[in-house]
Amino acid sequence: MVPSLDVESSIKRYSNSKDSNRDNHDTTSPYLSPLFTSAADLQLRFLCPSDLDQVKDLCKEWFPIQYPEAWYRDITSDPRFYSLAAVYQSKLVGLLIAEVKQSDAINKEDKGILDGRMYSNCTVGYILSLGVCSTFRRQGVASLLLDSFLNHVTQSENQICKAIYLHVLTMNSAAIRFYEKHYFRLHSFLPYYYSVDGKCKDGFTYVLYINGGHPPWGLLYPFLEKVLKYRFIH
């Protein structure tokens with residue numbers, strides 16, 4: 001399986017964009033290395049079992065959540081995961097871990113992301129993790145990884161995939177800005193969803209609708225989104 005993203009053209013697009021310095025989860029980090037200018041500088045490839053130790057070290061550095069050992073084995077070896085790495089000079093500098101699953105496999109708390117009439121014959125994409133090394137942030141790496149997955153789920157053979165969703169800590173304002181810039185919509189509030197350092201933390205579900213997918217129709221949905229953003233983000 002090979003990423004279908006045209007890395008070189010995407011790098012040029014982000015380096016020329018007025019938003020290229022905001023494509024990351026840390027909006028305060030200064031530029032610590034030059035912008036990538038060609039596909040030779042940055043490559044995308046899928047993870048393999050030999051990456052396990054490096055992936056484990058990066059996830060422990062980036063994320064406050066502790067993942068079990070089996071999770072690392074799965075994302076580096078199980079083909080059901082879309083486990084994509086950004087590589088610079090043979091080192092992993094960014095990761096996106098996602099999967100595409102049947103809509104009936106959506107967890108209970110997220111069942112409402114799609115109109116009920118779509119559940120009989122569709123799939124959804126779920127982004128488990130997305131992170132970039134601190135010295136490579138604010139250079140469009142996260143956007144390249146996300147674009148690769150979005151390109152994958154919107155190809156003609158994947159038209160039954162109707163939404164991409166993810167969970168994010170309510171306190172992670174940089175990540176929220178990143179996903180909203182990429183047109184993800186706040187869907188729901190998840191009280192005490194995370195356990196961070198032994199303490200319960202709240203989360204959000206964010207959704208991007210693709211291939212004709214849409215949320216349940218009704219007057220309350222857009223109103224609820226505005227209420228949640230006003231209460232918890234602003």
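Predicted model: local features only at pLDDT ≥ 70, side-chain atom pairs only at ≥ 80, totals over all residues.
Okay, let's start with a residue: Phe 178 counts as buried, with a relative accessibility of 1%.

The protein has six helices and seven strands. Reading from the N terminus, the order goes α-β-α-α-β-β-β-α-β-α-β-β-α. So, how much of the protein is buried? Of its 234 residues, 50% are. The accessible surface is about 12000 Å², and carbon and sulfur atoms account for 53% of that. As for contacts, take those with a separation of 6 or more: 73% of them link residues 24 or more positions apart.

Now, back to the aromatics. There are 14 aromatic pairs in the structure. Take Trp 62 and Phe 63: their ring centres are 5.9 Å apart and the planes sit at 80°, so we call that pair edge-to-face, the cut-off being over 60 degrees. And our opening residues, Phe 178 and Tyr 179? They make an edge-to-face pair too, with 5.2 Å from centre to centre and 80° between the planes.

Are Trp 62 and Phe 63 buried or exposed? Trp 62 has a relative accessible area of 13%, so it's buried, given that buried means under 20%. Phe 63 comes in at 19%, so by that cut-off it counts as buried as well.

One last thing to look at on the screen: Trp 62 and Phe 63 belong to one aromatic cluster, together with Tyr 67, Trp 71 and Tyr 72.

How values were computed. Residues numbered from 1 in each chain as written. Heavy atoms only, no water. Helix = DSSP H or I, 4+ residues; strand = E, 2+ residues; numbered from the N terminus. Buried < 20%, exposed > 50% of the residue type's maximum accessible area, 1.4 Å probe, protein only. Contact = heavy atoms within 4.5 Å. Areas by Shrake-Rupley, 256 points an atom, 1.4 Å probe, with all protein chains shown as cover. Phe/Tyr/Trp six-rings, centres within 6.5 Å; stacked < 30°, edge-to-face > 60°.
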